[in-house]
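This report describes selected contacts, ring pairs, salt bridges and helices of one protein model. The sequence and structure come first, and the description follows.

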Amino acid sequence: MTTVIIIIIAVALVVAAAVYFFLVRGGSVGGGHSLRSRFGPEYDRVVARHDGDTKAAEQELGERVKLHGDLERRPLTEAARADYTARWARTQEQFVESPQQALDEADALLADLSRDRGFPAGESFEDRTAALSVHHARHVEGYRRVHTARNDGTGTEEMREAFVEARGLFDALLEDGPATRDHSNRQLTKGRGTS
């Protein structure tokens with residue numbers, strides 16, 4: 001009889017600890033740690049935007065996951081994949097002569113590609129990047145940098161860095177997986193678009 005009582009008390013303590021952990025962690029096992037690992041640098045960006053308030057940042061990121069986590073990404077046909085690859089190559093070549101036009105085209109190209117993959121279209125830029133951040137958090141900052149650089153008159157070097165960083169999201173959207181860096185960005189990574 002005493003063994004049964006000890007087992008019941010032990011089970012009750014485990015259940016109480018689990019309930020406490022669940023309530024303290026805001027209803028999600030892993031809490032901020034799982035959001036931090038899922039969103040990476042995006043987590044830090046949102047925390048900074050909330051003036052260090054991790055609870056508010058985690059609430060925002062949790063909402064993004066609820067809204068866009070189950071988004072069904074549409075596959076690209078081989079023809080569409082080839083077309084996007086050719087467009088990016090032309091845009092990259094254009095950067096040498098006209099960085100501003102190249103950034104405008106890269107911004108439009110990423111919007112088109114994300115829309116074709118099933119991400120929100122016609123929404124605001126912030127809504128689109130919020131949805132993209134749920135699935136491509138490690139690469140969405142490059143898209144933000146291109147979008148910002150094309151509108152704020154940054155220098156050529158900053159434009160080049162934004163363009164190169166945006167390639168990560170382009171690759172990730174194009175391939176269905178982690179971005180793979182190949183040598184097709186070589187001419188821009190060597191500096192100011194020249195070999």
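Apart from its neighbours within four places in sequence, H135 is in contact (heavy atoms within 4.5 Å) with H68, G69, L71, R73 and F119. The model is predicted: local features need pLDDT of at least 70, side-chain atom pairs count only at pLDDT 80 or more, and totals for chains, interfaces and linings use all residues. Residues are numbered from 1 along each chain as its sequence is written, and side-chain values use heavy atoms, with hydrogens and water left out.

H135 belongs to helix α7 (residues 125–136); helices here are DSSP runs of H or I with at least four residues, numbered from the N terminus. A polar atom of the H135 side chain lies 2.7 Å from the backbone oxygen of H68. This is a polar contact, defined as a pair of N or O atoms within 3.5 Å in which, within protein, one must be able to donate a hydrogen and the other to accept it; residues adjacent in sequence count only if both atoms are side-chain atoms.

Helix α7 has twelve residues and reaches 15 Å from its first C-alpha to its last, close to the 16 Å expected at 1.5 Å a residue. The expected span is 1.5 Å times one less than the number of residues. Ten of the twelve residues of α7 are buried, and the helix is mostly covered. Buried means under 20% relative accessible area, exposed means over 50%, and partly exposed lies in between, with a 1.4 Å probe and protein chains only. Among the buried residues of α7 are F125, R128, L132, V134 and H135.

The 20 residues of helix α9 should span 28 Å, and its end C-alpha atoms are 29 Å apart, which agrees. Of these 20 residues, 14 are buried, so α9 is largely enclosed by the rest of the structure.

**Aromatic pairs**

A pair of aromatic rings is described by the distance of the centres and the angle of the planes. Rings of Phe, Tyr and Trp (its six-membered ring) pair if their centres lie within 6.5 Å; planes under 30 degrees apart count as stacked, over 60 as edge-to-face and the rest as tilted. The whole structure holds four aromatic pairs. F95 and F163 form a tilted pair, with 5.6 Å from centre to centre and 40 degrees between the planes. Because F95 lies in helix α5 (residues 78–97) and F163 in helix α9 (residues 156–175), this pair ties together parts that are 68 residues apart in sequence. Both F95 and F163 are buried.

F125 and Y143 have ring centres 5.0 Å apart and planes at 75 degrees, so this pair is edge-to-face. It links distant parts of the chain, with F125 in helix α7 and Y143 in helix α8 (residues 140–152), 18 residues apart. F125 is buried at a relative accessible area of 12%, and Y143 is buried at 0% relative accessibility. Ring pairs also link W88, F95, F163 and F170 into a cluster.

**Salt bridges**

A salt bridge is a side-chain nitrogen of Lys or Arg within 4 Å of a carboxyl oxygen of Asp or Glu. By this rule there are 19 salt bridges. The table gives three of them.

| R144 | E42 | 2.8 Å |

R144 is buried with a relative accessible area of 10%, and E42 is buried at 2% relative accessibility.

R49 is partly exposed, with a relative accessible area of 44%.

K66 and E63 both lie in helix α4, three residues apart, about one turn of the helix. K66 is exposed at 67% relative accessibility, whereas E63 is partly exposed at 39%. Salt bridges that share partners join E42, R45, R49, E60, R64, E141 and R144 into one network.

**The loop between α3 and α4**

D51 is found in the loop between α3 and α4. Most residues other than glycine have a negative phi. D51 is not a glycine, yet it has a positive phi of about 55 degrees. D51 is exposed, with a relative accessible area of 74%.

Technical notes
Helices (H or I, at least four residues) and strands (E, at least two) are DSSP runs, numbered from the N terminus.
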